[in-house]
Amino acid sequence: MAQKTLVKTTLLLFITLLSIALSMTFGSASLDISDVVYCLVGECASQMQQIVVWQVRVPRILVGFVAGGGLAMAGAILQNSTRNPLADPYLFGIVSGAALGVTIATHVFTNNVTVSLPISAFLGALFSIVIVVGISKVLRQMEQLLLAGVAVSFMLSALAQLILFLGEPFATNRVMFWLMGSLARVELEHFYIIASVILFGAFIVLALSRQIDALLLSDESAKTLGVDVDKLRLLMMAICAALTATIVAYCGGIGFVGLMLPHIVRHWLGVTTVPLIIGSFFIGGCFLVWVDVMARSLFTNQEIPIGIITSALGSLFFLFVIYQSRRIEL
């Protein structure tokens with residue numbers, strides 16, 4: 001068993017490094033793998049390659065990797081803590097709440113966007129979680145949590161659209177493009193911010209991994225083992241809010257990554273928290289890196305927002321999961 005785990009871990013790291021290296025060769029400026037390797041470990045052949053690799057592609061790929069990994073982690077945490085395989089930050093209203101916060105901040109704090117965006121996104125995401133948890137408490141049914149999240153997601157999206165409709169046209173156009181998700185404007189400092197939040201969240205989740213695994217049995221079983229179910233679940237949702245809000249603030253609305261990738265990892269590495277969280281981070285990061293490659297390579301001189309691609313893939317995957325669960329019931 002230990003040898004099998006070592007093989008899977010080595011393969012995961014190899015896929016990650018290969019994805020990062022190969023993705024740097026795609027883009028409007030033509031680079032082959034040898035050019036990339038020389039730039040990374042030595043000196044670039046030209047000033048143009050130096051600018052393309054270190055100022056454009058390295059920040060974009062690193063931010064894309066941690067953004068995809070963070071969203072996949074958030075989905076895995078939600079799915080394990082709620083025992084719902086369809087749980088996702090997008091469907092739970094966390095992305096819509098963060099998007100509402102960013103929409104308000106963009107129209108109000110026009111001069112200090114760098115500081116206001118992540119704070120406003122987090123407050124918006126936290127607001128959505130409070131509403132969802134409050135509704136679930138009234139209904140007293142954990143099974144209704146996802147439906148409450150979808151309803152809250154539509155409500156907060158409607159509020160954001162109303163603000164955009166009434167707002168200043170230039171700010172509205174800027175937010176509309178941002179809401180579709182893109183890595184076109186990210187910088188290296190965004191990587192450090194997102195990575196710091198992910199490390200902090202991962203440390204807490206991994207420290208509480210046994211308690212989260214107890215939730216997989218049932219709330220009653222977890223309580224008999226001494227787990228404060230309500231506080232633990234609320235803490236996990238707050239961590240998901242922090243992860244999602246930070247990513248949304250800098251990368252825009254990227255949906256369904258947290259739904260798809262944990263399912264794949266669960267079949268490959270298992271359902272317990274430690275391998276699921278670590279595997280989701282690396283596979284989610286690789287996934288979004290290649291989605292970004294697709295977004296900037298499908299059309300010449302034109303870039304597709306990555307949120308469009310992930311939503312298209314995620315909706316198909318969502319239907320597939322529903323179909324599979326239906327077959328199991330039958």
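A disulfide is a pair of cysteine sulfur atoms within 2.5 Å. Keep that cut-off in mind as we walk through this predicted model, where local features need pLDDT of at least 70, side-chain atom pairs count only at pLDDT 80 or more, and totals for chains, interfaces and linings use all residues. Residues are numbered from 1 along each chain as its sequence is written, and side-chain values use heavy atoms, with hydrogens and water left out.

Let's start with the cysteines. A search of the whole structure turns up zero disulfides. Cys251 is in no disulfide either, as the nearest cysteine sulfur, that of Cys286, is 16 Å away. Cys240 is buried, at 0% relative accessible area, and Cys251 is buried with a value of 0%; buried here means under 20%, using a 1.4 Å probe and protein chains only.

The structure holds one cavity of 30 Å³ or more, and about 30 Å³ of space lies in the largest cavity. On a 1 Å grid over the protein atoms alone, a cavity is a set of points where a 1.4 Å probe fits but cannot get out, and lining residues have an atom within 4 Å of a point. Grid points are joined across faces, edges and corners, and the volume is the space filled by probe spheres set on them.

Around the largest cavity you will find Ala76, Ile77, Asn80, Val205, Ile212, Thr273, Leu276 and Ile277. The elements giving two or more residues to this lining are α3 (47–82) and α13 (273–297), where helices are DSSP runs of H or I, at least four residues, numbered from the N terminus.

Definitions and conventions:
On a 1 Å grid over the protein atoms alone, a cavity is a set of points where a 1.4 Å probe fits but cannot get out, and a pocket is an open set with protein on both sides within 12 Å along at least five of seven lines; lining residues have an atom within 4 Å of a point. Buried means under 20% relative accessible area, exposed over 50%, partly exposed in between (1.4 Å probe, protein chains only).
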